[in-house]
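Subject: Structure handover

Hello,

Here is the structure I said I would pass on.

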Protein chains: 2
Amino acid sequence: MEEDNLKNLIKRLSKLPGLGPRSAQRAALFLIKNKEKDMLPLSKALYDVAHYYKPCVQCNNLTESDKCSICDDPRRHQNRLCVVEDISDLWAIERSGVFQGKYFVLGGNLNIMDGRGPSELGIDKLVKYVSLMCDTHTSNEIILATSATVEGQTTAHYIAERLQEFSIIISRLAHGVPVGGELNYLDDGTLALAMKARTPVG
Amino acid sequence: MEEDNLKNLIKRLSKLPGLGPRSAQRAALFLIKNKEKDMLPLSKALYDVAHYYKPCVQCNNLTESDKCSICDDPRRHQNRLCVVEDISDLWAIERSGVFQGKYFVLGGNLNIMDGRGPSELGIDKLVKYVSLMCDTHTSNEIILATSATVEGQTTAHYIAERLQEFSIIISRLAHGVPVGGELNYLDDGTLALAMKARTPVG
């Protein structure tokens, strides 16, 4: 039916998260119909990002230079560091606009089954980063914003232990009822934590 | 947050049907993590298909040569032509394996509002194709497999009228209850057509 190059394109598109074989066909046809406007620019964009992006030497965020724009920004708080698992988590926090400090991207969480130990996550690099922070700034705070999963919490725990030698505040994101969330759809664990961490009104 | 090239890639990915802004971010990160294995090959596949694929001179199917593999296949019935709106319809019929003739891809349906008239769909080309078929083969049949929408049926009607000068059988796909379909979820139109076209049992 489809010939080889086209089959190859559809197979490659169908590997993208969010696209299955059928929607990959649809995407391929959409692109073929818009060759100049969409297909060739997408090919170039993929090539450019693949060639020019690398991890930031300081925080592992993606960047085209050595340091990412967040690490390079002197207006951001130099004494607050938010540790996240993935770049998408960094993007989510940036979207919320609630954090004005620096980041450190682990690139995953501790998971011995999947072969991700402390060295794979570059936790030594994080420790060095924090050590440098303590040398140059005062009242430092590390926010452990790993996932609220078993692996994420294990990772946070491990990092907290490794950072005990420094006189810094170590915090983690609060657990509780999500805004707009209905109680009867909430899992028991979250409800229990929200109840425990209840705050006085008024 | 993301820098320019990366923003551009995410924007381009989010234009694909089936991907939104959030899943485009996820897809971009997936690709960046698999640069050599997925990102560069996808870039190349897009480039190759954009450069080497063009419409088949005979049926408008996609091909790397002048004629597509279906038009070029001497084992397929030369006297049966299935007219479809889009290449994805051709793929769907090929997947079913139920048709062994040739195709003609219109590239859409008649829709004056969207500026698609008979010349945009290349109906003159279709008429010439059918004329050539009548000259070289006997007992020709044209199957109008356009969509069961108002536009699709208008298109089928128009084509049937244009082909009346030829002594050919013109047929269209049967309407009815889809296999596995439950009656109470079926729309009234389909149900009425299925009732009208009922077939004797045994």
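This is a predicted model: local features need pLDDT of at least 70, side-chain atom pairs count only at pLDDT 80 or more; totals for chains, interfaces and linings use all residues.

In chain A, 4 strands make up an open sheet, and their order is β4-β3-β5-β6 with parallel pairing. Its edges are β4 (102-105) and β6 (169-172) of chain A, each of which pairs on one side only. On average, and with direction ignored, neighbouring strands of this sheet are turned by 25° against each other.

Within the sheet, strand β3 (residues 80-84) of chain A runs parallel to strand β5 (residues 141-144) of chain A, and 4 bridges join the two.

Helix α4 (residues 87-96) of chain A lies across β3 and β4 of chain A, and runs at about 160° to β4(A).

How much of strand β3 (residues 80-84) of chain B is covered? The strand is mostly covered, with 4 of its 5 residues buried.

β3(B) has pairings with two strands that can be described here. With strand β5 (residues 141-144) of chain B, β3(B) runs parallel and is joined by 4 bridges; here C82(B) has I143(B) in β5(B) as its bridge partner. With β4(B), the pairing is also in the parallel sense and again spans 4 bridges. Along that pairing, L81(B) stands opposite K102(B) in β4(B), and V84(B) has V105(B) as its bridge partner.

In β4(B), K102(B) and F104(B) point one way, while Y103(B) and V105(B) point the other way. All of these residues are buried.

**Aromatic pairs**

Over all chains, the structure holds 4 aromatic pairs. One of them joins F99(B) and Y103(B): the ring centres are 5.3 Å apart and the planes stand at 65°, so the pair is edge-to-face. F99(B) and Y103(B) are both buried.

Another is formed by F104(B) and Y129(B), with 6.3 Å centre to centre and 65° between the planes, which is edge-to-face. F104(B) belongs to strand β4 (residues 102-105) of chain B and Y129(B) to helix α5 (residues 123-136) of chain B, so this pair ties together parts that are 25 residues apart in sequence. Both F104(B) and Y129(B) are buried.

Helix α1 (residues 4-14) of chain A meets helix α3 (residues 35-52) of chain B: their axes come within 9 Å and cross at roughly 140°. The crossing of α1(A) and α3(B) is left-handed. On the α1(A) side the contact is made by N5(A), L6(A), N8(A), L9(A), R12(A) and L13(A). On the α3(B) side, the contributing residues include K37(B), D38(B), P41(B), L42(B) and Y52(B). By class, this contact of α1(A) with α3(B) has 9 nonpolar, 2 polar and 4 charged residues.

Helix α2 (residues 21-33) of chain A and helix α4 (residues 87-96) of chain B have axes that come within 10 Å and cross at roughly 145°. This crossing of α2(A) with α4(B) is right-handed. R22(A), Q25(A) and L29(A) in α2(A) meet I87(B), S88(B), W91(B) and R95(B) in α4(B). The contact of α2(A) with α4(B) divides into 3 nonpolar, 2 polar and 2 charged residues.

**Two loop residues**

Which value does phi take at N60(A)? Phi of N60(A) is near 75°, a positive value in a residue other than glycine. N60(A) sits in the loop between β1 (54-55) and β2 (62-63) of chain A.

S139(B) also has a positive phi without being glycine, with a value near 40°. The place of S139(B) is the loop between α5 and β5 of chain B. S139(B) is exposed, and its relative accessible area is 60%.

Regards

Conventions
Residues are numbered from 1 along each chain as its sequence is written. Chains are lettered from A and ligands numbered from 1 in the order in which they are written. Side-chain values use heavy atoms; hydrogens and water are left out. Rings of Phe, Tyr and Trp (its six-membered ring) pair if their centres lie within 6.5 Å; planes under 30 degrees apart count as stacked, over 60 as edge-to-face and the rest as tilted. Buried means under 20% relative accessible area, exposed over 50%, partly exposed in between (1.4 Å probe, protein chains only). Axes are lines fitted to C-alpha atoms, for helices over the stretch in contact, and angles run from 0 to 180 degrees between N-to-C directions. A crossing is left-handed if the near helix is turned anticlockwise from the far one by less than a right angle, and right-handed if clockwise. Contact means heavy atoms within 4.5 Å. Ala, Val, Leu, Ile, Met, Phe, Trp, Tyr, Cys and Pro count as nonpolar, Asp, Glu, Lys and Arg as charged, and the others, Gly among them, as polar. Two strands pair if DSSP finds at least two bridges between them.
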